[in-house]
Amino acid sequence: MTTATGQGSAPPPGDGPVLAVEDLHVRYGGSHVLQGVSFEVPATGVTALLGRNGVGKTTTLKAIIGLAPRTGRISLRGKDIQGDATPRIIRAGIGYVPEDREVFGGLTVDENLRLVDPDQGVNAPIVGRLFPDLVSRGKQRAGTLSGGQQQMVSLARVLLRETSVLLIDEPTKGLAPKLVTEVADVLAEIAQRTPILLVEQNLPLVRRIADTVVVLDAGQVVHRGGAAELVADQELTRELLGVSMRRDGAA
Ligand SMILES: Nc1ncnc2c1ncn2[C@@H]1O[C@H](COP(=O)(O)OP(=O)(O)O)[C@@H](O)[C@H]1O
Ligand SMILES: [Mg+2]
């Protein structure tokens, strides 16, 4: 295991993207969910992956890390990974924070973190810096934490390994406005060091922390561009994202 510094590993050679997805297809039985999705994640900042419910955002993240049956080309820092199994892809430097957080409710906060970093757990410097609340709750069972606190455990866990890019799926889903702001602060701080591909329904948050956006619809990429430009264009957001995306609220 690499050291638990929470620092991003070396940037890709030249100015290339950290992650490139080309002609990605995913089929579940008869359902052709992703139909030739192509996009790149730049080596810095936050790239938001947007789209209506059920359009394939989670499937895209799962396909990248090998948890959905896929064809196409996926490269991490210029190296093809589409033929690799999930553990190898994770070791190659992708961190994944799933939609449902997946903390171990019966274990303490510290034990959850020690599954990734057996030596330090909650004492790792990055945890103290970004999640002071978790340090004081180290002995608390994760299942008794609020949704926001569980999200922090899930984020902390992925930061204990050295990664080149993070895939984070709807981290503010179901959170109270104050916690949405806290998660946004943490994501902005993380993105200073490690590029993030972020699935997020909260447009104020996207406007605040994302640089670029990729929008999916009907199994394909239908828009790429600047985050601020998209969020500022009410007609375009309504057309691309429908009414389910949250325009108001905390970030
Ligand atoms: N394991 C699966 N088996 C069959 N269909 C699935 C599976 N996972 C997702 N789907 C379907 O794929 C489509 C995209 O789902 P998903 O990627 O979760 O959408 P999003 O994250 O954009 O809301 C949906 O129609 C969903 O029902
Ligand atoms: Mg989803």
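Let's start with a parallel pair: strand β3, residues 46-50, runs parallel to β9, and four bridges join them. A quick word on terms: two strands pair if DSSP finds at least two bridges between them. Helices (H or I, at least four residues) and strands (E, at least two) are DSSP runs, numbered from the N terminus. Within this pair, T47 has T212 of β9 as its bridge partner.

Before I go on, a reminder that this is a predicted model, where local features need pLDDT of at least 70, side-chain atom pairs count only at pLDDT 80 or more, and totals for chains, interfaces and linings use all residues. Residues are numbered from 1 along each chain as its sequence is written, while chains are lettered from A and ligands numbered from 1 in the order in which they are written.

Now, the other partner of β9. Strand β9 (residues 212-217) pairs with β10 (residues 220-226) in the antiparallel sense, over six bridges. Here V213 stands opposite G225 of β10, and V215 has H223 as its bridge partner. Two residues lie between the strands of this hairpin, and A218 takes a positive phi near 50 degrees.

Let's turn to ligand 1. Around it we find Y28, S31, V33, G51, N53, G54, V55, G56, K57, T58 and T59; near here means a C-beta atom, placed from the backbone, within 6 Å. The elements giving two or more residues to this shell are β2 (31-41) and α1 (57-64). Of these, α1 gives the most, with three residues.

And what is the make-up of the shell by class? There are three nonpolar, seven polar and one charged residues around ligand 1, counting Ala, Val, Leu, Ile, Met, Phe, Trp, Tyr, Cys and Pro as nonpolar, Asp, Glu, Lys and Arg as charged, and the others, Gly among them, as polar.
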